[in-house]
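Hello,

Here is the model I promised to pass on to you. Please have a look, and then read my notes below.

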Amino acid sequence: MRILALAGSLRSGSYNRKLLAVAVRAIGARAEIDTLDLRDVAVPVYDGDLEQRDGLPEGARAFKGRIAAAEALLIATPEYNNSVPGPLKNAIDWASRPPGNPFRDRTVLLMGASPGPFGAVRGVLAVRQILTALHALVIPAYVTLPHADEAFDASGDPRDPKVTERVTRACDELLRITAALGRRD
Ligand code: FNR
């Protein structure tokens with residue numbers, strides 16, 4: 001089973017990158033993980049004129065290929081102004097353009113981390129709405145991490161073992177549901 005893992009934040013010190021790493025460790029050898037840095041999805045802000053003139057940018061085609069090559073997606077995202085961060089939405093918008101819809105039938109586990117008290121839950125719900133529109137199968141389980149600025153030690157491990165337990169349970173669900181659905185084309 002192949003899983004594409006990405007954080008919805010570009011910054012290197014991102015709490016969501018750290019949360020993603022906890023999930024990747026929890027999955028361990030149970031799946032092949034392709035970790036994508038959203039910074040490497042080199043796409044301009046979506047512009048229909050650009051698309052008509054030049055087609056999909058190379059970065060969008062590469063992103064689509066990596067989604068299509070996976071059975072499942074693991075996404076850890078912040079919320080910006082109670083919703084999905086622009087860079088993540090822009091990358092998804094480009095990847096949703098024809099030919100083909102790589103999101104169709106991909107199982108997805110959503111996670112979110114924020115220094116605030118809501119743990120990016122509104123961003124997570126916004127991404128669920130977007131990916132559901134693209135016929136991805138966002139699993140019911142999800143993870144939110146409030147007060148993320150205090151949640152990790154210097155080596156990037158959660159200070160509270162319950163966080164690792166919650167992430168592991170959600171990853172177990174992703175693996176169980178993805179395995180039950182089998183290979184995707
Ligand atoms: C934020 N932040 C934020 N946090 C939150 O809990 N709810 C929100 O609505 C917002 N809105 C928001 C808008 C913009 C434009 C920025 C840049 C930030 C704060 C955000 O959670 C914080 O910067 C996190 O550290 C971002 O996640 P990463 O980069 O640590 O993964």
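How far does a polar side-chain atom of Asn16 lie from an oxygen atom of the ligand, and what is that distance in Å? The distance is 2.7 Å, well inside the polar-contact definition (a pair of N or O atoms within 3.5 Å; within protein, one must be able to donate a hydrogen and the other to accept it, and residues adjacent in sequence count only if both atoms are side-chain atoms).

Before going on, two notes on the source. This is a predicted model, where local features need pLDDT of at least 70 and side-chain atom pairs count only at pLDDT 80 or more, while totals for chains, interfaces and linings use all residues. Residues are numbered from 1 along each chain as its sequence is written, and side-chain values use heavy atoms, with hydrogens and water left out.

Five strands form an open sheet in the order S2-S1-S3-S4-S5, with parallel pairing (strands are DSSP runs of E, at least two residues, and helices runs of H or I, at least four, numbered from the N terminus; two strands pair if DSSP finds at least two bridges between them). Its edge strands are S2 (32-36) and S5 (137-145), each pairing on one side only. S1 is joined to S2 by five bridges, with Leu6 opposite Leu36. Five bridges also join S1 to S3, where Ile3 stands opposite Ala72. Ala72 in turn stands opposite Thr107 in S4.

S3 is mostly covered, five of its five residues being buried (under 20% relative accessible area; exposed is over 50% and partly exposed in between, with a 1.4 Å probe and protein chains only). Ala72, Leu74 and Ala76 lie on one side, Leu73 and Ile75 on the other.

Finally, helix H4 (residues 86-95) has buried residues Leu88, Asn90, Ala91, Ile92, Trp94 and Ala95. They pack against S1, H2, H3, S3 and H5 (contact means heavy atoms within 4.5 Å).

Enjoy exploring it!

Best wishes
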